[in-house]
Amino acid sequence: MRNFIRLFTFIALLIVAIPCLKAQSMIDNIWNDINRTVGISYLQPRLEVMHGEPNGPALFRKGVVYYDSIFVNHLVENHDSEFVKLSVAYLLSHELAHSNLRHNDTHLKSMAYAKTSSKSAVISGETRRDDLLFKESEADLYGGLYSAQAGYYALDAAEGFLRAVYDYYQLPKELPGYPSLNDRIEVAENLKSIVWNINESYQIAVALAYLGEHNASQSILKSIIRESDFKTPEILHMLSYSIFLSAVAETDDYIISNWQWPVKISLDAYKTGKDRGLKTELLIDRLNEALIIELDALSIEDNDESNLRSSIEIVIAYLNNDMENIQASQLKDDSLLAIYWHLLGKKRRALKLFPTSELISHNYTLLTGNLLPKQTEFLDQNVSSELLFELGFASSKNVLINGKRIAKKRSFQNYDLYELKSPNGVTLTLIKELNEKKPIINVKTPLTINNSVLFHYNSNSIKYYLQ
Ligand SMILES: [Zn+2]
């Protein structure tokens with residue numbers, strides 16, 4: 001009998017524990033997916049379960065995001081799994097955005113204040129309400145983009161999720177001086193299409209960068225920053241790289257243009273030959289532009305060093321005959337030392353730091369730390385004429401940023417076709433192909449093979465090529 005009770009208790013505990021464990025692994029997966037898209041440059045906060053009596057579903061404090069696991073289980077028990085997934089993505093990406101944006105007051109804290117209400121007179125109503133609402137929209141925008149890039153259109157669940165939060169914690173739906181529930185829902189609803197458009201534009205820009213269409217890529221990235229005010233280190237690094245690379249590839253200065261720069265994007269893509277002949281003065285201008293953008297990215301990260309920053313500074317010093325101001329002892333990695341000696345004309349010394357075998361995989365390894373995989377996937381990149389025909393007749397949807405058209409998009413089956421104009425007026429046709437199967441190889445760095453580029457997301461691989 002005692003054994004029976006033990007067994008019964010064990011089974012009962014198991015039945016209670018299994019859904020919790022399932023929820024736990026879902027939360028961890030979503031958290032990792034979102035953080036991966038945010039990039040390695042931010043210090044990833046820790047994720048921990050909230051203790052005590054939570055006033056809200058999550059909060060962040062000193063590099064830790066806390067969430068109420070009982071509330072998440074409540075969602076699991078009362079809603080379908082798709083809604084729960086998007087809600088968790090919304091909750092975690094929203095807190096991550098507050099943390100990355102260094103907001104020091106979140107809606108969750110203010111909702112807690114709302115419950116005790118004694119602190120509600122600290123700042124005068126409208127100002128505080130507007131300030132809180134601004135921070136909430138900013139966190140919704142950044143969080144929405146983080147999760148969209150991780151494959152979750154989290155804002156689609158925002159209204160249902162916010163209502164669930166207000167009900168569960170019995171928060172007042174309106175309180176003077178605080179954004180109301182309706183304000184919050186309105187913000188999230190308005191951001192849905194903005195997030196969709198920025199995410200599409202960003203992905204097009206990244207694909208174009210890898211395909212060597214740097215002018216078009218830079219122009220889209222600049223539109224995103226200028227028109228939407230969405231500025232993350234990833235976008236800024238990407239833009240700075242792109243400007244730097246196209247500048248060093250376009251100069252006729254053989255010593256500069258023929259060096260294999262330690263960069264994420266293959267330089268070959270930039271050496272299309274069509275834009276050579278960049279004058280030194282213009283080259284310095286472009287390098288300064290790249291440097292300013294890179295410094296901007298580093299300041300958001302609370303960082304002051306990067307391989308790219310040093311690369312740009314060394315070339316600027318070289319062009320200004322200022323190499324004596326660069327201290328070899330301060331160059332921390334061999335790739336930078338190699339550039340340094342190379343520009344000083346000490347070829348043998350440079351090459352010693354840079355074995356020929358490394359030159360090939362160099363683009364991929366130096367910055368990302370990833371080795372180029374040995375086996376490569378077979379990429380056949382001919383979209384059949386029937387498919388192109390179907391795509392041509394599919395209804396089109398504009399990808400817009402602040403009313404400005406970035407591209408026209410047509411979709412058919414697993415294919416998307418983007419028509420866009422590069423800044424010099426040439427029409428580009430970019431094809432995106434989605435494969436919903438596990439990639440053969442799993443690498444963080446996109447693969448560029450035969451004029452196409454392959455990205456791996458979660459369990460999908462996405463291939464882009466120019467038609
Ligand atoms: Zn918030």
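With 7 C-beta neighbours inside 10 Å, does Gln170 count as buried or exposed? In this predicted model, Gln170 counts as exposed, because 7 neighbours fall within the limit of 12 or fewer that defines the class. The place of Gln170 is in the loop between α6 and α7, and its phi is near 50°, a positive value in a residue other than glycine. As background, most residues other than glycine have a negative phi.

The chain holds 467 residues, of which buried residues make up 39%. Its secondary structure consists of 16 helices and 10 strands. Among contacts between residues at least 6 apart in sequence, 66% join residues at least 24 apart. Confidence deserves a word before the details. The mean pLDDT of the chain is 79, and 76% of the residues reach 70 or more. Confidence is highest in α6, at 95, and lowest in helix α15 (residues 356-365), at a mean of 41. Two stretches have a pLDDT below 50: residues 106-124, with 30 contacts in the model beyond near neighbours in sequence, and residues 356-377, with 38 such contacts.

The axes of α6 and α7 come within 9 Å and cross at roughly 160°. That angle is over 145°, so α6 and α7 are roughly antiparallel to each other. The crossing of α6 past α7 is right-handed. On the α6 side the contact involves Ala158, Glu159, Leu162 and Tyr166, which meet Leu181, Arg184, Ile185, Ala188 and Glu189 of α7. Sorted by class, this contact has 6 nonpolar and 3 charged residues, with no polar ones.

Leu175 and Arg129 are 46 residues apart in sequence, while their C-alpha atoms are 9.8 Å apart in space.

The axes of helix α11 (residues 280-300) and helix α12 (residues 307-319) come within 10 Å and cross at roughly 155°, which makes α11 roughly antiparallel to α12. Their crossing is left-handed. From α11, the contact draws on Thr280, Leu283, Ile284, Leu287, Ala290, Leu291, Glu294, Leu295 and Leu298, and from α12 on Leu308, Arg309, Ile312, Glu313, Val315, Ile316 and Leu319. The residues of this contact divide into 12 nonpolar, 1 polar and 3 charged.

The packing of α12 with helix α13 (residues 334-343) has an angle of about 10°, with the axes 10 Å apart. Because this angle is under 35°, α12 is roughly parallel to α13. Here Asn307, Ser310, Ser311, Ile314 and Tyr318 in α12 meet Ser335, Leu336, Ile339, Tyr340 and Leu343 in α13. The contact of α12 with α13 has 6 nonpolar and 4 polar residues, and no charged ones.

The loop between α12 and α13 contains Asn321. Asn321 has a positive phi of about 50° although it is not a glycine. Asn321 is exposed, because 7 other C-beta atoms lie within 10 Å, and 12 or fewer is the criterion for that class.

Finally, how many of the 10 residues of α13 are buried? The count is 7, so α13 is largely enclosed by the rest of the structure. The buried residues of α13 are Ser335, Leu336, Ala338, Ile339, Tyr340, Trp341 and His342. What covers them includes α12 and α14 (347-352). Just after α13, Gly345 takes a positive phi of about 85°.

Notes: Residues are numbered from 1 along each chain as its sequence is written. This is a predicted model: local features need pLDDT of at least 70, side-chain atom pairs count only at pLDDT 80 or more; totals for chains, interfaces and linings use all residues. Axes are lines fitted to C-alpha atoms, for helices over the stretch in contact, and angles run from 0 to 180 degrees between N-to-C directions. Helices (H or I, at least four residues) and strands (E, at least two) are DSSP runs, numbered from the N terminus. Angles under 35 degrees count as roughly parallel, over 145 as roughly antiparallel, 65 to 115 as roughly perpendicular and the rest as oblique. A crossing is left-handed if the near helix is turned anticlockwise from the far one by less than a right angle, and right-handed if clockwise. Two residues are in contact if their C-beta atoms, placed from the backbone, lie within 7 Å. Ala, Val, Leu, Ile, Met, Phe, Trp, Tyr, Cys and Pro count as nonpolar, Asp, Glu, Lys and Arg as charged, and the others, Gly among them, as polar. A residue is buried if 20 or more other C-beta atoms lie within 10 Å of its own, exposed if 12 or fewer, and partly exposed in between; C-beta atoms are placed from the backbone. pLDDT is the predictor's confidence in each residue, from 0 to 100.
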